[in-house]
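Reader: I am new to this structure. Please take me closely through one part of it, and tell me what lies around that part.

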Amino acid sequence: MGLLEAIILAVLAASTPLLLAAAGELVTERAGVLNLGVEGMMIMGAACGFAGAYFTGSTIVGAVCGILAGVGMSAVFAWLTLGLAVNQVAAGLALTILGVGMSGLIGAGFVGERITAVPQLWLPVLTDLPFVGRILFGQNALVYGSIALVIGIWYFLYRTRAGLVLRAVGDNHASAHALGYPVLTIRTFAVLFGGACAGLGGAYLPLAYTPFFISGMTAGRGWIALALVVFASWMPGRLVAGAYLFGAVTILQLHAQGAGFGIPSQLMTALPYLATILVLIVISRTRGTIGSAAPASLGLVFVPDR
Amino acid sequence: MRKILIAATTAALTFAAGSLSAGAAEKLKIGLVYLGPVGDFGWTYQHEVGRREMVKVLGDKIETTYLENVNEGPDSERAIEQLARTGHKLIFTTSFGYMDPTLKVAKKFPKTFFEHSTGFKRAENVGTYSGRFYEGRYIQGQIAAKMSKKGVIGYIGSFPIPEVISGINATMIGAQSINPDIKVKIIWVNTWFDPGKEADAAKALVDQGVDIIMQHTDSPAAMQIAESRGIYAFGQDSDMIKFGPKAQLTAIVNNWAPYYVQQAKLAMDGKWKSGDTWQGLKDKMVMMAPYTNMPDDVKKLATETEAAITSGKLHVFKCPVVGQDGKPIECKGGQNLDDGQILSMNYYVKGVDDKVPGK
């Protein structure tokens with residue numbers, strides 16, 4: 001295996017949890033809801049995903065448990081912000097704190113235990129192709145699933161009527177409501193979808209990446225996913241590019257150090273965030289021309305007049 | 001809104017701060033403050049092992065309470081003070097960043113004994129303790145030099161602080177005693193704990209042709225990568241053999257338990273005194289996990305080196321210690337570098353083909 005191939009494989013693996021969680025958050029935000037609890041939902045997905053796989057021996061059950069944990073967490077968030085019209089920022093932060101604490105409690109019994117990781121695909125002939133084989137046909141199913149997920153989201157948002165309604169709700173909830181669309185119901189589904197994706201993204205870590213559970217193992221990936229949505233200016237295509245860019249920066253800085261290039265690792269670690277700030281500046285300076293899909297009603301509380 | 005926030009915060013705090021307690025008045029109450037979760041399978045986990053040992057040995061003569069996930073800085077001052085206020089007479093604060101908060105609280109509670117791990121400031125009622133982890137690194141360096149076919153050690157560092165740098169140097173001095181041309185590839189991950197990133201660093205090292213991995217970070221992620229890639233690795237803080245049954249050569253195990261039991265006994269007998277404890281292999285504060293996955297001659301060499309360090313015959317930083325520029329480092333300890341020099345080490349020794357970040 002050549003070094004370039006190895007680097008690409010590592011980037012794919014490192015980017016996948018970010019892409020999964022960010023894809024869900026993108027849909028949530030396009031519906032006008034800002035859920036800052038991604039980190040909490042991810043770590044709960046990691047804990048429950050590991051627990052599921054540990055008890056049943058099946059990584060598929062583990063993945064489902066991770067998804068359900070994310071959905072459960074986001075249901076709490078939906079109840080708070082959509083049902084009780086609580087401030088979304090505060091509720092999201094509380095969700096993260098809750099998730100980090102609770103996952104530690106759930107995971108306490110699993111310290112030092114290990115499971116078998118999700119197997120990597122192997123297709124006859126195709127996987128053995130030189131160079132592209134391992135990259136295109138030899139990773140675990142979640143890597144390709146995450147890309148399929150984003151394509152599905154793109155199709156839903158831009159090619160279906162339901163997607164159009166969801167975007168309308170995110171851009172102007174008052175008008176959507178006046179037209180008779182059930183704003184809160186649509187937002188609830190968007191939040192639950194976001195939770196499911198975050199839960200799966202979290203579960204990816206103990207199921208496929210490092211097959212054990214340790215409290216706090218998401219280590220801030222939920223926050224990177226949030227930054228990624230902004231970086232992508234709320235567009236699915238840019239989200240994929242951004243996720244792999246963030247992943248590539250992480251992996252390349254490690255390789256650069258190992259190879260002895262004199263690049264300060266701290267600077268490289270900060271690069272994704274610098275890039276996000278830069279994108280925010282570009283978006284605000286060139287409003288409209290570069291194309292940003294920032295939902296106009298993002299983070300605003302909506303209470304329908306009955 | 002406020003109510004909900006308070007409720008959520010309380011819930012989170014309840015989950016974050018596990019505490020154990022059992023009745024009776026005359027028991028010695030012992031408190032411990034942890035940086036991470038007890039489930040980190042590394043640094044904090046080993047302190048928790050120490051607490052459990054105290055409970056096991058001293059049984060119902062003591063009562064212990066621990067607070068986990070306590071951030072360094074002002075948060076920790078509150079946590080330590082809370083323990084002192086609730087009648088804990090012996091308090092272990094187990095991270096470097098608790099140093100000043102510990103001293104501040106200690107001033108307010110002169111009759112309470114404090115034990116601070118890895119710090120260097122002491123008071124009448126504040127003692128410090130740490131392990132000479134570099135002794136284990138020297139042995140690992142020798143094993144690595146024997147076992148590496150390519151003559152390259154991959155090293156995953158957390159932060160370029162003296163403890164980590166002295167570990168790298170000890171590794172290299174040990175390795176050079178076997179193979180003078182040994183090389184080291186160092187990757188800093190700028191975190192103590194991020195399993196994903198530690199795994200990424202391990203992968204990067206393997207992909208660049210390293211066949212032995214050493215880590216100074218807290219999770220067993222690198223060990224697992226070594227196992228799946230069919231190379232060797234060394235465990236950190238805890239015995240990580242479970243994560244690398246075919247990969248782990250040995251591990252540095254932080255063994256606080258005997259010290260904790262000893263200090264608790266002293267406190268019970270009213271004989272506790274503030275002191276500075278920096279113990280290594282000799283006092284078993286640093287221990288080596290069983291030597292596995294290596295041929296008998298390497299095992300023999302490792303065992304002999306361990307015995308030599310334990311008996312004091314061999315000092316890891318025996319003069320002359322040669323710097324990267326080829327000049328010997330000033331020898332303040334007579335035969336070897338003195339403790340102060342080891343504790344403040346911020347340079348690499350000769351043979352490390354890299355530079356300390358930020359220098």
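Author: Helices here are DSSP runs of H or I with at least four residues, and they are numbered from the N terminus. The model is a predicted one.

Helix 10 of chain A covers residues 221-231 and packs against helix 12 of chain A, residues 265-285. The crossing of helix 10 past helix 12 in chain A is left-handed. On the helix 10 side, the residues that meet helix 12 are A:Ile224, A:Ala227, A:Val230 and A:Phe231. Their counterparts in helix 12 of chain A are A:Tyr273, A:Ala275, A:Thr276, A:Val279, A:Leu280 and A:Ile283. Sorted by class, this contact between the two helices has nine nonpolar residues, one polar residue and no charged ones.

Beyond helix 10, the loop that runs between helix 10 and helix 11 (236-258) of chain A contains A:Trp234. Phi of A:Trp234 is near 60°, a positive value in a residue that is not glycine.

A:Arg221 forms a salt bridge with B:Asp194, and the closest N and O atoms are 3.1 Å apart. The cut-off for a salt bridge is 4 Å, so this pair counts as one. One salt bridge is found across the interface of chain B and chain A. Eight residue pairs across that interface are in polar contact.

On the chain B side, four elements each supply at least two residues to the face that touches chain A: helix 1 (2-16), strand 7 (183-188), helix 7 (195-207) and helix 8 (221-229). Helix 7 of chain B gives the largest share, nine residues. By class, this side of chain B has 23 nonpolar, seven polar and eight charged residues.

Taken as a whole, the contact draws 41 residues from chain A and 38 residues from chain B. Between them the chains bury about 3,300 Å², of which 65% is on carbon and sulfur atoms.

One further detail belongs to a loop of chain B. B:Pro320 lies between helix 10 (296-311) and helix 11 (339-343) of that chain. The peptide bond from B:Cys319 to B:Pro320 is cis, with omega near 0°.

Terms used
Residues are numbered from 1 along each chain as its sequence is written. Chains are lettered from A and ligands numbered from 1 in the order in which they are written. This is a predicted model: local features need pLDDT of at least 70, side-chain atom pairs count only at pLDDT 80 or more; totals for chains, interfaces and linings use all residues. Side-chain values use heavy atoms; hydrogens and water are left out. Contact means heavy atoms within 4.5 Å. Buried area is the accessible area (1.4 Å probe) that two parts lose on being put together, summed over both. A salt bridge is a side-chain nitrogen of Lys or Arg within 4 Å of a carboxyl oxygen of Asp or Glu. A polar contact is a pair of N or O atoms within 3.5 Å; within protein, one must be able to donate a hydrogen and the other to accept it, and residues adjacent in sequence count only if both atoms are side-chain atoms. Ala, Val, Leu, Ile, Met, Phe, Trp, Tyr, Cys and Pro count as nonpolar, Asp, Glu, Lys and Arg as charged, and the others, Gly among them, as polar. Axes are lines fitted to C-alpha atoms, for helices over the stretch in contact, and angles run from 0 to 180 degrees between N-to-C directions. A crossing is left-handed if the near helix is turned anticlockwise from the far one by less than a right angle, and right-handed if clockwise.
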